[in-house]
Amino acid sequence: MKAAIYPGSFDPVTYGHLDIIKRASAIFDELTVSVLNNKTKTPLFSVEERVKMLEEATADLPNVTIDSFSGLLVDYAARKDIHVAVRGLRAITDFEYELQIAQTNRKFSEGKLDTVFLTTSLEYAYLSSTTVKEIASFNGDISECVPDFVGRMIYEKYGYKR
Ligand code: ADP
């Protein structure tokens, strides 16, 4: 059975992430989407909120499980006995960063953790969690970026009722 991990911040989950999740879940038998608890970033949503959001957004995908982790991806993947990480690529700027991370993970796992890249669907190429937060912070329209229930949670954080 082929299993993979899709790690990320997902702060918040966007249609870009959901597109990658759907496509990866069609390729692998089991997909674990895992929220990275990154102590160096100040997220808008807690890890628990992000896990709940992802659970709701992927409820229709039976082979997708939501989890969270702290520390190194290679250690987490080894604990779960999973040997493939999935990442999404939007642009050249993603590529440079992702290439370095993928090679580091391969080296530090002694070849046990490989990375598979899925290229973004064109309609989501512009989309990032950062952009979504910026638009929402000015009460702009994010309905094309995130599911409605996620949108409501974001506006609430910025004190808007919509
Ligand atoms: P990180 O903070 O670790 O970069 P993100 O939550 O921003 O995590 O993203 C997780 C993964 O999803 C990354 O591989 C990122 O490139 C990918 N991703 C984010 N937005 C999109 C998008 N619109 N289309 C395709 N992949 C995306």
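Q: How much space lies in the largest pocket?
A: About 1,200 Å³. That volume is the space filled by probe spheres set on grid points, joined across faces, edges and corners. A pocket here is an open set of points on a 1 Å grid over the protein atoms alone, where a 1.4 Å probe fits, with protein on both sides within 12 Å along at least five of seven lines.

Q: What should I know about the model itself?
A: It's a predicted model, with local features needing pLDDT of at least 70 and side-chain atom pairs pLDDT 80 or more, while totals for chains, interfaces and linings use all residues. Residues are numbered from 1 along each chain as its sequence is written, and side-chain values use heavy atoms, with hydrogens and water left out.

Q: OK, which residues lie nearest the centre of the largest pocket?
A: G8, S9, R87, Y97 and E98, out of 44 lining residues; lining means having an atom within 4 Å of a point.

Q: Which helix gives the most to that lining?
A: Helix 4, with 9 residues. Helices are DSSP runs of H or I with at least four residues, strands are E runs of at least two, and both are numbered from the N terminus.

Q: And where's the ligand?
A: The ligand takes up the space of the largest pocket, meaning more than half of its atoms lie within 2 Å of the pocket's grid points.

Q: How many residues surround the ligand?
A: 16, the closest being Y6, S9, F10, G88 and Y124.

Q: How much of the ligand's accessible area does the protein cover?
A: 89% of the 550 Å² the ligand has on its own, by Shrake-Rupley with a 1.4 Å probe.

Q: Switching to backbone: which peptide bond is cis?
A: The one from D11 to P12, with omega near 5°. P12 is in the loop between strand 1 and helix 1. F10 is in that loop too, and its phi is positive, near 50°.

Q: Why flag those?
A: Because most residues other than glycine have a negative phi, and most peptide bonds are trans.

How values were computed
Near = heavy atom within 4 Å.
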